[in-house]
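Look at the sequence and the model together.

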Amino acid sequence: MSLNRCEQRVFDYLQKHQDERQHWQAKFQRAAKASLDERFAVDELEPELWRYYQERSEVVPLFKEAVQHEGLRRTSMKSLAELLLRTWVEPKPKRPATPPPF
């Protein structure tokens, strides 16, 4: 899966900061549990990841520098949301299309 620069920056940051990672892992797990379909969880979490990027860009030097060079134009975080969901959440078992014969 290919991540854009903003997504990669958040991913790398989360890998290096355990407290932040644990916060996001719990958030992803709650969203997946509450959602019937992972697409809904991704749609819910993607804008939150963007807001997180914006917030980090005000306080973390790595993000600040990137925003100075690249600007702070809205960027999709969908690939990152999909990757983190697959990484941090156990897949729900799929129901068989037809019941098995007896």
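The buried residues of helix 1 are Cys 6, Glu 7, Arg 9, Val 10, Tyr 13 and Leu 14. Buried means under 20% relative accessible area, exposed means over 50%, and partly exposed lies in between (1.4 Å probe, protein chains only). Helices here are DSSP runs (H or I, at least four residues), numbered from the N terminus. This is a predicted model: local features need pLDDT of at least 70, side-chain atom pairs count only at pLDDT 80 or more, and totals for chains, interfaces and linings use all residues. Residues are numbered from 1 along each chain as its sequence is written, and side-chain values use heavy atoms, with hydrogens and water left out.

**Helix 1**

The arc is taken from the directions from the helix axis to the C-beta atoms. An α-helix has 3.6 residues a turn, so residues three or four places apart point the same way. On the other side of helix 1, Arg 5 and Lys 16 are exposed. The cover over the buried residues of helix 1 includes helix 2, helix 3, helix 4 and helix 5. Contact means heavy atoms within 4.5 Å.

The length of helix 1 can be checked too. Its 12 residues should span 16 Å at 1.5 Å a residue, and its end C-alpha atoms are 17 Å apart, which agrees. The expected span is 1.5 Å times one less than the number of residues.

**Helix 4**

Helix 4 covers residues 61-70, and its buried residues are Phe 63, Ala 66 and Val 67. Their arc is only 100 degrees around the axis, which puts them on the same side of helix 4. The face turned away from that buried side carries the exposed residues Pro 61, Gln 68 and His 69. Helix 1 (5-16) and helix 3 (38-56) are among the parts that cover the buried residues of helix 4. Gly 71 follows helix 4, and its phi is positive, near 85 degrees.

**The core**

The largest nonpolar core has 27 residues, of which Val 10, Phe 28, Tyr 53 and Met 77 touch the most other members. Such a core is a set of buried Ala, Val, Leu, Ile, Met, Phe, Trp, Tyr and Cys residues joined through side-chain atoms within 4.5 Å. Helix 1, helix 2 (18-34), helix 3, helix 4 and helix 5 (78-88) each supply at least two residues of this core. Helix 3 gives the largest share, 7 residues. Not counting residues up to four places away in sequence, Met 77 touches Cys 6, Glu 7, Val 10, Glu 46, Leu 49, Trp 50 and Tyr 53.

**Salt bridges**

The structure holds 6 salt bridges. Each is a side-chain nitrogen of Lys or Arg within 4 Å of a carboxyl oxygen of Asp or Glu. The table lists three of them.

| Pair | N to O distance |
|---|---|
| Arg 5 and Glu 70 | 3.8 Å |
| Glu 46 and Arg 74 | 2.9 Å |
| Glu 55 and Arg 56 | 2.9 Å |

Arg 5 lies in helix 1 and Glu 70 in helix 4, so this pair ties together parts that are 65 residues apart in sequence. Salt bridges that share partners join Arg 5, Arg 9 and Glu 70 into one network. Arg 5 is exposed, at 60% relative accessibility. Glu 70 is partly exposed, at 34%.

Is Glu 46 buried or exposed? Glu 46 is buried, with a relative accessible area of 12%.
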